[in-house]
Amino acid sequence: RIGLARSENLVTAQLMKQLDEQGNGGPIQAAKMARAMGIESPFDAVPSLILGTADLNVKELAGAYCTFANKGEWVQPIYITRIEDKNGNILEEFTPKKRKVLSEEHAFTMVELLRGVVDLGTARRLRYRHDFRNEIAGKTGTTQNHSDGWFIGVTQELTTAVWVGCAERQMRFRDISLGQGANMALPIWAYYMKDAYKDEATGL
């Protein structure tokens, strides 16, 4: 829990090594789980996968993290739920795909682990700087050369993924103090969620 909270990659790498030593094909199992949770971007089933080396998108990650909040059920993220004409007649409706991926117990365990990131780890500034007091699970992320910063926050009502970066990989922040996900992406999540809670139309 502390290793995940502090983004200590040695702990995560050791976990992958243990899975391999037990003959469970660690990278292959990790890849299968990622696919089951809606990750469709191409990646290789290699040990570095557990360090977040795959190039994924915001939609995929938001859907994957929703699985933990949904008690182990993956629900396909969709942008449009229905199309109506000017008179309100429904022309088309869209229903997201769903599938059970994790047991409710395992999903709960993951939420508890991710709560440690906010309460004890790299996202704890949500508590002392942004003054959030509700239950939040989440994960910060920073890619090589601090080209990308991530924060994915999960509350009881809403899962939101924030990415800050550039499609051109040579564009990056000059050092890790500026380029880490906790500095780039987390504040955007905090401002967004505060406005979402203030807006009665959101129902949060």
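View 1. Thr-140 stands opposite Phe-151 in strand S6. This is a predicted model. S5 and S6 run antiparallel, and six bridges join them. The two strands form a hairpin, with six residues between them. In that turn sits Asn-145, with a positive phi of about 60°.

**View 2. Strand S6, residues 149-154, from end to end.** How many of the six residues of S6 are buried? The count is six of six, so the strand is mostly covered. In a regular strand the side chains alternate between the two faces of the sheet. Here, Gly-149, Phe-151 and Gly-153 point one way. Trp-150, Ile-152 and Val-154 point the other way. Residues of both sets are buried.

**View 3. Strand S6 meets strand S7.** S7 covers residues 159-164. S6 and S7 pair in the antiparallel sense, over six bridges. Which residue of S7 is the bridge partner of Phe-151? That partner is Val-162. A hairpin of four residues joins S6 to S7. Phe-151 also faces Thr-140, as in View 1.

**View 4. Helix H5, residues 104-119.** H5 has 16 residues. At 1.5 Å a residue, H5 should span 22 Å. The C-alpha atoms at its ends are 22 Å apart, which agrees. Which residues of H5 are buried? They are Ala-107, Leu-114, Gly-116, Val-117 and Val-118. What covers these buried residues includes helix H1 (2-5), helix H4 (58-69) and helix H6 (125-128). Strand S5 (137-142) is also part of the cover.

**View 5. Helices H2 and H3 cross.** H2 spans residues 9-21, and H3 spans residues 26-36. Their axes come within 7 Å and cross at roughly 110°. That makes H2 roughly perpendicular to H3. From H2, the contact uses Met-16, Leu-19 and Asp-20. From H3, it uses Gly-26, Pro-27 and Ala-30. By class, the contact has four nonpolar residues, one polar and one charged.

**View 6. Gln-180 in its loop.** Gln-180 lies in the loop between helix H7 (176-179) and helix H8 (181-184). Is Gln-180 buried, partly exposed or exposed? Its relative accessibility is 24%, so Gln-180 counts as partly exposed. Setting aside neighbours within four places in sequence, Gln-180 is in contact with Arg-125 and Thr-142. Thr-122 is 58 residues away from Gln-180 along the chain. Yet their C-alpha atoms are separated by 9.7 Å.

Key
Residues are numbered from 1 along each chain as its sequence is written. This is a predicted model: local features need pLDDT of at least 70, side-chain atom pairs count only at pLDDT 80 or more; totals for chains, interfaces and linings use all residues. Side-chain values use heavy atoms; hydrogens and water are left out. The expected span of a helix is 1.5 Å times one less than its number of residues. Buried means under 20% relative accessible area, exposed over 50%, partly exposed in between (1.4 Å probe, protein chains only). Contact means heavy atoms within 4.5 Å. Axes are lines fitted to C-alpha atoms, for helices over the stretch in contact, and angles run from 0 to 180 degrees between N-to-C directions. Angles under 35 degrees count as roughly parallel, over 145 as roughly antiparallel, 65 to 115 as roughly perpendicular and the rest as oblique. Ala, Val, Leu, Ile, Met, Phe, Trp, Tyr, Cys and Pro count as nonpolar, Asp, Glu, Lys and Arg as charged, and the others, Gly among them, as polar. Two strands pair if DSSP finds at least two bridges between them.
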